[in-house]
Amino acid sequence: MPDQPEAHPEENTAVERTVVVVGAGVAGLRTALGLHDRGVDVLVLEAAPRVGGRVLTETTALGTHVDLGGQWIGKGHHRFTALAAEYGAQVYAMETPRMPRLVDGPRTVGVTSPTFLLAGAALAAWEGLVRLGGPHVGRDALVADLLRRVPGRTRRLLQVLFEIASTADPERLTLRDFAATVRTMEGLTTAMTTRGGAQDSLVVDGAGTLAVRMAGRLGDRVRTDSAVLAIHRDDAGATVHTATGAVRCRRVVVTAPPPIAAAIEHRPPLPGERARAERGMYMGSVYKALAVYERPFWRERGHAELIAIDGPGVGVFDTSPPSADGPGHLCLLVGGTDARTLDSLSPADRRDALLGRLAHHLGDDVRSPAGWHEKSWHLDEYVGGGYLAFPAPAAGGMPFPLGHAPAGTVHWAGTETAGEHAGYVEGALESGERAAAEVLAALG
């Protein structure tokens, strides 16, 4: 973290803007566009060398696009659908079976096996726990405590499903906070479902490409490589300090995830819930990879969607673009504690370890992709992880979604503050729309 400046003599010569938005992720860009389109002079400051935050699209050697960050349009994600339409991007449904395969090494675990049946019963019980919520959910009990009540291979399956779906650590999330988080995702069933659930559709051009196009509309009002070091607020506005200078404005909107925003010095100190969130939350851990092939060859023998519970647990999804001739894309997700076990390996070793495990189920051709794209989000210094921030047990719990009451002239956005679909692109868009409306009302 950069050293915080002790004094700011440049405050008297600060550049002036009406609103400064901190963070050029989807939430920040939506906030800025909502203000810009209403004629407000806005400046977006982003610490990273790129825009997008938790969305990132790369172009493959075959000319297609793959998303290394957030990508799915879930059922009811109307803002994300509208965003794609606004920028002329094609949306297509996932290639998905009614139910993914469960595999343990070379073995396929049948849907009538005790492992599968017990896991289904446990998930139904968890769904009830989530919907019950409130004081009935244990204040101090951890998700890991719940997992320990389940025997053998079923426990491992539930752990893998939990870590892929949430990216949280079972030992670092209380049942109460787990329930509150999942309720904003429309429940466990929706969060873990592909067709008709949270992983229903994709954007051909990539979600990250949409963020780049949003930033393009703002032009030089977006500055990358511009980390915000401090925000000094007063009754008339705020002064935002970066390593290269200061910006004086009437309002500020902070959209960075709470653990990342914690690096910003506030004068006077932040009050109450927001300060506690920045001190007491951590980002989930997630590794994501995309293997690219000339064609989706696996469809000749069946579907590719599966959950592998041996080694690091991995979820595999067929995210191939909608073309009968190819290419083929396989998306691999490893979450939570398992994601961090891959950190010490080289990219080639990670590729060989993950794809080699799939050969028995998808064919030997899976070992030789035409392209390999990967990202460990928990190692990204500007994001800190994904899909969202979680309260640490020591924080004693906090409302979720996070409150967003302004701290004087400073407002808050980000997917953690979304009333629904927190942790998704949809939630980030919702929070940006709300923050823009709040600022417009405050400006009068």
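I began with the term buried, which means under 20% relative accessible area, with exposed over 50% and partly exposed in between (1.4 Å probe, protein chains only). I noted that the model is predicted, that local features need pLDDT of at least 70, that side-chain atom pairs count only at pLDDT 80 or more, and that totals for chains, interfaces and linings use all residues. I also noted that residues are numbered from 1 along each chain as its sequence is written, and that side-chain values use heavy atoms, with hydrogens and water left out.

**Entry 1: the whole protein**

I looked up the secondary structure and found 14 helices and 23 strands; helices (H or I, at least four residues) and strands (E, at least two) are DSSP runs, numbered from the N terminus. The radius of gyration is 22 Å, close to the 22 Å from the globule rule for 444 residues, so the protein is as compact as a globular protein of that length. That radius is taken over C-alpha atoms, and the rule is 2.2 Å times the number of residues to the power 0.38. I recorded a box of roughly 70 × 50 × 40 Å for the C-alpha atoms, taken along the principal axes. Of the 444 residues, 59% count as buried.

I then turned to contacts, meaning heavy atoms within 4.5 Å. Among contacts between residues at least 6 apart in sequence, 74% join residues at least 24 apart.

**Entry 2: helix H10**

Which residues of helix H10 are buried? In this helix, residues 272-280, I listed Arg274, Ala275, Ala277, Glu278 and Gly280. These buried residues pack against helix H9 (258-261) and against strands S16 (281-283), S22 (389-391) and S23 (410-412).

I located His266 in strand S15 (residues 265-267). His266 has a relative accessible area of 10% and is therefore buried. Leaving aside neighbours within four places in sequence, I found His266 in contact with Ile231, Arg233 and Trp412. Pro268 is in the loop between S15 and H10, and the peptide bond from Arg267 to Pro268 is cis, with omega near -5 degrees.

**Entry 3: Arg357**

Is Arg357 buried or exposed? Arg357 is buried, because its relative accessible area is 18%. I placed Arg357 in the loop between helix H12 (347-356) and helix H13 (359-362). Not counting residues up to four places away in sequence, Arg357 touches Ala308, Asp310, Gly311, Pro312 and Val314.

**Entry 4: backbone geometry**

I kept in mind that most residues other than glycine have a negative phi, and most peptide bonds are trans. A cis bond joins Gly386 and Tyr387, with omega about -5 degrees; Tyr387 is in the loop between strand S21 (371-376) and S22.

Thr167 has a positive phi, near 70 degrees, and is not a glycine. I found Thr167 in the loop between helix H5 (152-166) and helix H6 (175-184). Thr167 counts as buried because its relative accessibility is 0%.

His421 is likewise not a glycine and has a positive phi of about 60 degrees. His421 lies in the loop between S23 and helix H14 (425-443), and at 5% relative accessibility it counts as buried.

**Entry 5: cysteines**

How many disulfides are there? I took a disulfide as a pair of cysteine sulfur atoms within 2.5 Å, and the count by this rule is zero. Cys249 counts as buried at 3% relative accessibility, and Cys331 counts as buried at 0%.
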